[in-house]
Every structure is written in C-alpha cells, then in structure tokens.
Amino acid sequence: MLLAGGQGSRLYTLTDKTAKPAVPFGGKYRIIDFPMSNCVNSGIYTVGVLTQYQPLVLNEYIGNGQPWDLDRSQSGATVLPPYQGKSGADWYKGTANAIYQNLDFIRRYDPDYVLVLSGDHIYKMDYSKMLKAHKEKNADCTIAVLNVPLAEASRFGIMNTEGDDYRITAFEEKPKEPKSTLASMGIYIFSRKVLEDYLIADEADPESSKDFGKNIIPKMLADGCRMIAYPFKGYWKDVGTIQSLWEANMDLLDENSELDLADRNWRIYSRNYANPPHFTGSFAKISNSLITEGCHIEGIVENSILSSGVRVARGAYIKDSVILSNVTVGEGATVNYSIVDSDTSIGAGCVVGRTKSSGEQITVIGSELVLQPGKDIPGGAMVNQEWLDEHNL
C-alpha cells in the first residue's frame with residue numbers, strides 16, 4: 001500500500017499543480033518511480049497507490065502500471081483515491097485512515113502481510129529481505145530504520161531498540177529532544193490480522209489523529225506487540241524540501257554516489273515518452289551533467305540535470321541547477337543554483353538565481369511561466385505567476 005497523496009507544501013511552487021510523488025527527479029524519473037520499482041524488483045506485484053492531493057498528473061502517470069510490469073490481470077497497480085460509500089464520503093484524514101478506508105481492497109487479495117510505503121522518498125531497497133526478517137522474528141510489525149544525524153532526528157519518528165533482534169522498546173514521533181538517532185523510514189510490514197484490528201480500533205477513537213506514527217505504532221507498542229526494527233544501509237533521501245530535492249538530484253552527479261541508476265540488477269523504471277536523441281551544438285560545452293533525450297544544447301551547462309525537451313540557446317549558461325522538461329533558456333541568459341519547473345520560458349539575458357558560493361538560497365521557478373528578456377530573479381525567490389505580478393515582472 002503506497003501512500004502517495006501528500007501535498008508536499010515544503011516544495012512550494014513545485015507542488016502547486018501536482019502531488020509530491022509525481023514531482024520529476026533525475027532527468028527522466030518521478031519520485032514515485034523509486035518505491036514502485038522497488039516493489040517489482042522485490043517480487044511484489046499487487047500495489048495499491050493511494051492518491052488524494054492534485055491527483056491528475058499522478059493518476060495519469062501511473063495509468064495501468066505498464067512501465068513497472070504492473071499491468072496484470074489478477075494483480076498489478078491500482079489507484080485508490082478517496083471515494084463515496086454508503087455512509088458518505090471523506091478525504092483521507094491521515095496515513096492510518098487512508099489504509100483503513102481501503103481494507104476491502106486488501107481483503108480482496110487475502111494477504112498474510114501488508115507492506116505500507118511512502119511515495120516521496122528516493123532509495124533502492126529489497127523489501128523481500130525485510131519480509132524475511134519479519135517472518136523469522138515472528139513480528140507483528142517491522143519498521144525499516146536508519147541512523148540519521150542528531151541535528152535531523154527531530155524530523156523523524158525516533159525509536160530505541162534492545163537485543164540482537166532489534167526489538168523496539170520506545171518510539172516518539174518527531175521528538176523535540178531525540179533520545180536516539182534511529183529513525184523510521186516510513187516503511188512498515190504488518191501481519192495483516194494485527195493491522196486490521198488496530199486500524200478498526202483507531203478509526204473508532206474520536207481522539208485519534210488517524211496516523212501510523214502518532215497513533216498506531218505507539219498503541220501497538222503500549223499493548224506489548226512484538227515490534228522489530230529492520231536496519232537499512234544504503235542511499236535514502238526524504239525529498240520533502242527544496243534543499244533535499246536539489247541535493248538528491250546533485251548526488252546523481254557524484255561519481256561515488258550510492259544511488260546507481262545504471263545498475264542493471266535493480267532498474268528504476270519510469271514512464272518515458274518518445275523523444276528524439278539530445279542534440280549538442282558546435283558552441284555547446286557540457287560538463288558533469290545529465291542531459292535527457294529531446295534536449296537541444298547550444299550554450300554552457302555545468303554540474304546540472306536537464307530533463308527532456310530542454311532548449312539552451314547560444315550564450316546561455318546553466319550551473320548547479322535542475323531544469324525540468326520543455327524549459328527554454330534564451331540567448332545569453334544565466335541560471336545559477338536553481339530549480340526551474342516544466343514548460344517555462346526564460347527570456348534572453350535573464351539572470352536567474354545566484355551562485356551557490358554566494359550563500360543565497362536555491363531559486364525556484366514555477367511551471368508554465370514566461371520570464372521576459374533581461375529580468376533578474378534574486379537568489380532564494382519562489383517564483384509563480386503571483387510573484388511575477390507582484391514584482392511587475
């Protein structure tokens with residue numbers, strides 16, 4: 001069960017028109033490609049994708065699940081939006097309520113175990129190994145965990161464990177003063193009957209926030225359920241902020257990156273649309289960058305990632321930036337330390353952002369905008385149409 005309905009408000013204008021799991025990543029992927037591909041590579045072929053916020057792009061992207069080999073007659077990918085039932089209709093009120101509202105979907109397949117995932121993390125993980133540990137330790141719930149820096153621990157669910165079997169003894173959701181650095185990755189395996197019982201009880205509790213981290217996990221722990229932590233080693237990134245999204249993209253340019261997209265034994269699948277090969281003109285200079293098909297480059301690109309269909313005119317300069325699909329960068333324009341959303345046009349001579357070394361924040365340009373020639377967009381600006389109107393640009 002893949003929770004993909006988040007608004008992603010900390011991504012600002014990038015999620016004005018689309019859900020966070022559908023935000024493009026790495027030139028030719030979307031964030032949701034990673035958990036979807038992990039499922040298939042782990043041998044899991046029944047995937048419910050729970051959508052809610054701005055679902056149009058995400059629902060269209062998932063389609064029948066064909067890119068991930070999830071277009072199967074007896075299983076496959078199923079999009080699960082909120083719906084109206086006999087007793088009325090309601091939005092998903094929390095992560096636990098979202099699963100509760102889809103218990104009938106789970107029961108249709110009569111599984112022994114249910115894997116609950118978040119749709120907004122970048123990582124590669126074999127869930128079958130986690131399931132094996134869950135079975136061997138006879139757990140009611142297994143939570144994937146990793147060590148995080150103490151300064152970041154308050155952003156996560158933090159737990160304490162004891163013994164060689166990593167039995168969880170304490171859990172706090174986003175504590176102000178963390179007692180450890182063992183953080184929940186938001187990846188859970190439940191024994192199905194236990195999950196059902198707790199979801200039904202939680203739904204009946206008027207005081208509950210209907211959330212796994214705030215309600216279900218602490219209640220199971222208090223009741224003495226056997227709860228096990230599953231340590232994860234490898235690349236994992238929560239791309240819920242502009243900074244972390246930019247960093248995860250830039251990690252792909254590091255020759256020592258732990259996130260190997262060229263690994264043929266663990267492919268990351270995506271829905272790719274037919275585009276011609278990218279073209280590099282005689283005046284183009286490209287260094288340490290990823291250039292996707294359909295791009296037309298006449299300018300200079302350094303340490304950047306360009307999605308499909310990007311056009312960079314002669315004399316334009318792009319550095320330390322993530323440029324999403326079908327963006328046009330005009331002649332002599334400069335783009336520094338920025339994320340530029342799809343279908344935007346940057347006019348000739350524009351200056352977007354400031355150099356990373358200047359200490360300014362990342363500049364973000366929204367989708368479907370037109371920056372008139374010669375305009376200057378300062379470092380750290382979050383630009384949408386309202387911003388342009390307010391600044392008379």
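Me: Where does Lys17 lie?

Reply: Keep in mind that we're looking at a predicted model. Lys17 sits in the loop between strand S1 (2-3) and S2.

Me: Is Lys17 buried, partly exposed or exposed?

Reply: For this, you compare the relative accessible area with the cut-offs: under 20% is buried, over 50% is exposed, and in between is partly exposed. Lys17 comes out at 47%, so it counts as partly exposed.

Me: Which residues of H1 are buried?

Reply: Go along the helix and check each residue in turn. The buried ones are Asp33, Phe34, Pro35, Met36, Ser37, Asn38, Cys39 and Val40. That makes 8 of the 9 residues of helix H1 (residues 33-41), so the helix is largely enclosed by the rest of the structure.

Me: What follows H1?

Reply: Gly43 does, and its phi is positive, near 85°.

Me: Which residues other than glycine have a positive phi?

Reply: Two to look at are Asp69 and Asn326. Phi of Asp69 is near 60°, and Asn326 has a positive phi of about 60°. Asp69 is placed in the loop between H2 and strand S5 (76-80), while Asn326 is in the loop between strand S24 (322-323) and strand S25 (328-329). With a relative accessible area of 37%, Asp69 is partly exposed. Asn326, at 40%, also counts as partly exposed.

Me: At what angle do H6 and H7 pack?

Reply: Here you look at the directions of the two helix axes and how far apart they are. Helix H6 (residues 192-203) and H7 pack at an angle of about 120°, and their axes are 11 Å apart. H6 and H7 are therefore oblique to each other. Their crossing is right-handed.

Me: What is the volume of the largest pocket, and what lines it?

Reply: The largest pocket has a volume of about 1100 Å³. Its lining has 42 residues, and Thr95, Ser118, Asp120, Lys174 and Asp211 lie nearest the centre. Elements that each supply at least two lining residues include helix H3 (95-100), strand S8 (113-118) and helix H7 (212-222). S13 provides the largest share, 4 residues. By type, the lining of the largest pocket divides into 15 nonpolar, 17 polar and 10 charged residues.

Me: How much space lies in the second largest pocket?

Reply: About 730 Å³. Of the 32 residues lining the second largest pocket, Pro24, Arg30, Val57, Ser325 and Ser342 are the closest to its centre. Strand S2 (24-25), strand S3 (29-30) and helix H2 (56-62) are the elements giving two or more residues to this lining. H2 gives the most, with 4 residues. The lining of the second largest pocket splits into 10 nonpolar, 13 polar and 9 charged residues.

Key: Residues are numbered from 1 along each chain as its sequence is written. This is a predicted model: local features need pLDDT of at least 70, side-chain atom pairs count only at pLDDT 80 or more; totals for chains, interfaces and linings use all residues. Side-chain values use heavy atoms; hydrogens and water are left out. Buried means under 20% relative accessible area, exposed over 50%, partly exposed in between (1.4 Å probe, protein chains only). On a 1 Å grid over the protein atoms alone, a cavity is a set of points where a 1.4 Å probe fits but cannot get out, and a pocket is an open set with protein on both sides within 12 Å along at least five of seven lines; lining residues have an atom within 4 Å of a point. Grid points are joined across faces, edges and corners, and a volume is the space filled by probe spheres set on the points. Ala, Val, Leu, Ile, Met, Phe, Trp, Tyr, Cys and Pro count as nonpolar, Asp, Glu, Lys and Arg as charged, and the others, Gly among them, as polar. Axes are lines fitted to C-alpha atoms, for helices over the stretch in contact, and angles run from 0 to 180 degrees between N-to-C directions. Angles under 35 degrees count as roughly parallel, over 145 as roughly antiparallel, 65 to 115 as roughly perpendicular and the rest as oblique. A crossing is left-handed if the near helix is turned anticlockwise from the far one by less than a right angle, and right-handed if clockwise.
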